[in-house]
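Please read the following report beside the sequence and the model.

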Amino acid sequence: MFSKKVYSTDSVYGIARDLPLNYVERREVDHRLIENLTKNRHIVIYGSSKQGKTSLRKRCLEAEEYINIQCSNRWVLVDIHSAILKAVGYQITQSIKKTAAGKQKIMASIEGGISFLNFLKGKGTVSGDAEKTKSTEITLESLELDAEDVNDIIAALKAVKFKKYIVLEDFHYLSTETQKDFAVALKAFHEASEFCFIIIGVWLEENRLIVYNGDLTGRVIAIDADKWNNKELRQVIDDGAKLLNIEFSEHFKNILISESFESVYIVQEVCAKACRESGVSETLDKCRLIGNNLYVHELIKSVVNQQSGRYMSFITQFSEGFQDTRLEMHKWLLYPILIANLKELEQGLTYARIREILQSHHPQKKDLNPGNLTQALQSTASLQVKKDIKPIILDYDQTNRRLNVVDRWFFIWLANQNRNDLLIAAELFD
């Protein structure tokens with residue numbers, strides 16, 4: 001039925017800061033997240049890039065229910081803790097005092113009054129006879145904290161009666177060591193407080209944080225936001241079409257869904273391009289059928305080819321590794337990726353398969369040290385972060401020992417490239 005409200009094509013199918021107008025709830029994703037928000041456990045939302053992880057959080061949580069922390073590749077544990085305190089309202093400055101480990105303490109202060117009971121003695125300066133009263137409005141001048149100590153961070157959050165969820169976006173940008181350090185801190189947050197974290201990252205490994213800290217077993221719930229089935233993708237198309245008062249032909253929808261590699265982002269972008277090529281820039285007065293005269297495969301190819309420069313840069317930069325080495329392991333990790341068929345690549349390349357290929361093609365052949373291969377695979381994400389490759393394209397699942405492509409556009413781009421040209425670009429010669 002025609003909607004009286006007029007929407008622009010870009011606001012319906014384009015990438016927006018707000019929740020998509022044609023957002024589709026997925027039972028196995030949205031409902032699972034909502035059900036677990038009240039279970040007092042930390043939540044990890046994971047999946048490939050641009051598969052709706054952030055939109056899921058925006059849909060299931062009201063803005064006033066959480067604070068949002070955008071992780072940086074240069075952060076260590078201290079920076080995460082400091083960012084949390086800043087988001088709560090604390091002003092952070094460096095103290096002249098040092099921790100027992102010899103690191104600088106921080107001073108955390110907050111403007112205005114704070115009402116609380118029995119504040120941790122020795123951590124702050126209070127005015128008046130606050131300690132003699134059960135509940136008093138006092139001015140907290142400053143807290144002297146060890147920013148690495150999760151107990152100090154918990155005390156500071158309790159001091160202001162913080163009750164919201166703490167969202168850590170782009171957790172995958174953190175170094176592996178920082179992720180491991182936070183996995184340890186996360187267990188302390190669970191044991192010593194009621195604060196709950198929602199961690200969002202680009203990977204396909206359900207138990208990543210548990211791999212980093214086995215004590216998190218039973219304390220973390222993982223939500224797989226990666227999968228979109230055909231019915232859900234069709235609803236994305238149809239719900240957007242209703243807002244624009246158009247209909248896409250069945251042929252258009254069938255081809256788009258079958259060639260999208262289950263990427264909702266590709267579906268959205270191709271629908272937007274189809275609308276533009278059909279002269280639809282906003283909601284129409286009269287319903288129109290579009291798609292019959294469009295070559296869907298070419299539309300998909302043209303949309304994905306917009307990322308061609310980024311993918312070629314990825315191949316060049318990834319092949320360089322962290323530095324020049326004799327074995328050039330990161331360059332050779334690209335070899336199995338660039339020669340694999342798409343079906344095998346979509347399932348992820350196992351450690352055994354990668355080793356088999358490299359023992360046949362790497363200059364070291366069967367003398368290649370398995371330890372060097374393992375080390376290179378485990379640093380796959382950190383290398384991309386260091387090279388500022390965003391979003392990341394490859395990620396290694398340590399649990400299942402599998403190298404995954406976590407950028408679904410890459411599948412389609414690869415399908416339309418001359419593989420020999422890519423091997424030459426990566427300086428890989430058999």
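Helix α3 makes the largest contribution to the lining of the largest pocket, with 5 residues, in what is a predicted model. The elements that give two or more residues to this lining are α3 (53-60), β9 (197-202) and α10 (264-277). The pocket is lined by 34 residues, and those nearest its centre are Ile 15, Lys 50, Gly 52, Thr 54 and Ser 55. When the lining of the largest pocket is sorted by class, it comprises 13 nonpolar, 11 polar and 10 charged residues.

The second largest pocket has a lining to which α12, α13 (329-339) and α16 (370-378) each give two or more residues. Nearest the centre of this second pocket lie Gly 321, Gln 323, Thr 325, Met 329 and His 330.

The structure also holds 1 cavity of 30 Å³ or more. Around this cavity, Thr 176, Arg 208, Tyr 212, Ala 381 and Asp 395 are the lining residues nearest the centre, and the elements that give two or more residues to the lining are α6 (176-192), α7 (208-212), α16, α17 (380-386) and β14 (394-397). Among these elements, α17 gives the most, with 3 residues.

The table sets out the volumes, the numbers of lining residues and their classes.

| Space | Volume | Lining | Classes in the lining |
|---|---|---|---|
| Largest pocket | about 860 Å³ | 34 residues | 13 nonpolar, 11 polar, 10 charged residues |
| Second largest pocket | about 410 Å³ | 20 residues | 6 nonpolar, 9 polar, 5 charged residues |
| Largest cavity | about 120 Å³ | 15 residues | 5 nonpolar, 8 polar, 2 charged residues |

Turning to the aromatic residues, the structure holds 15 aromatic pairs. One of them is formed by Tyr 311 and Trp 413, whose rings are tilted, with 5.2 Å from centre to centre and 45° between the planes. Because Tyr 311 lies in helix α12 (residues 308-320) and Trp 413 in helix α18 (residues 408-415), this pair ties together parts that are 102 residues apart in sequence. Tyr 311 and Trp 413 are both buried.

How are the rings of Phe 314 and Phe 410 arranged, edge-to-face or stacked? Their centres are 6.0 Å apart and their planes stand at 85°, so the pair is edge-to-face, given that planes over 60 degrees apart count as such. This pair, too, links distant parts of the chain, since Phe 314 belongs to helix α12 and Phe 410 to helix α18, 96 residues apart. Phe 314 and Phe 410 are likewise both buried.

Elsewhere, one aromatic cluster is formed by Phe 171, Phe 182, Phe 189, Phe 197 and Trp 203. Two charged side chains are also placed over aromatic rings: the charged end of Arg 26 sits over the ring of Trp 228, 3.9 Å from its centre, and the charged end of Lys 390 sits over the ring of Tyr 173, 5.0 Å from its centre.

Is Asn 36 buried or exposed? Asn 36 has a relative accessible area of 4% and is therefore buried, the cut-off for that term being under 20%. Leaving aside residues up to four places away in sequence, Asn 36 touches Arg 41, Ile 43, Ile 221 and Ile 223.

Key
Residues are numbered from 1 along each chain as its sequence is written. This is a predicted model: local features need pLDDT of at least 70, side-chain atom pairs count only at pLDDT 80 or more; totals for chains, interfaces and linings use all residues. Side-chain values use heavy atoms; hydrogens and water are left out. Rings of Phe, Tyr and Trp (its six-membered ring) pair if their centres lie within 6.5 Å; planes under 30 degrees apart count as stacked, over 60 as edge-to-face and the rest as tilted. Helices (H or I, at least four residues) and strands (E, at least two) are DSSP runs, numbered from the N terminus. Buried means under 20% relative accessible area, exposed over 50%, partly exposed in between (1.4 Å probe, protein chains only). A charge sits over a ring if NZ of Lys or CZ of Arg is within 6 Å of the ring centre and within 35 degrees of the ring normal. Contact means heavy atoms within 4.5 Å. On a 1 Å grid over the protein atoms alone, a cavity is a set of points where a 1.4 Å probe fits but cannot get out, and a pocket is an open set with protein on both sides within 12 Å along at least five of seven lines; lining residues have an atom within 4 Å of a point. Grid points are joined across faces, edges and corners, and a volume is the space filled by probe spheres set on the points. Ala, Val, Leu, Ile, Met, Phe, Trp, Tyr, Cys and Pro count as nonpolar, Asp, Glu, Lys and Arg as charged, and the others, Gly among them, as polar.
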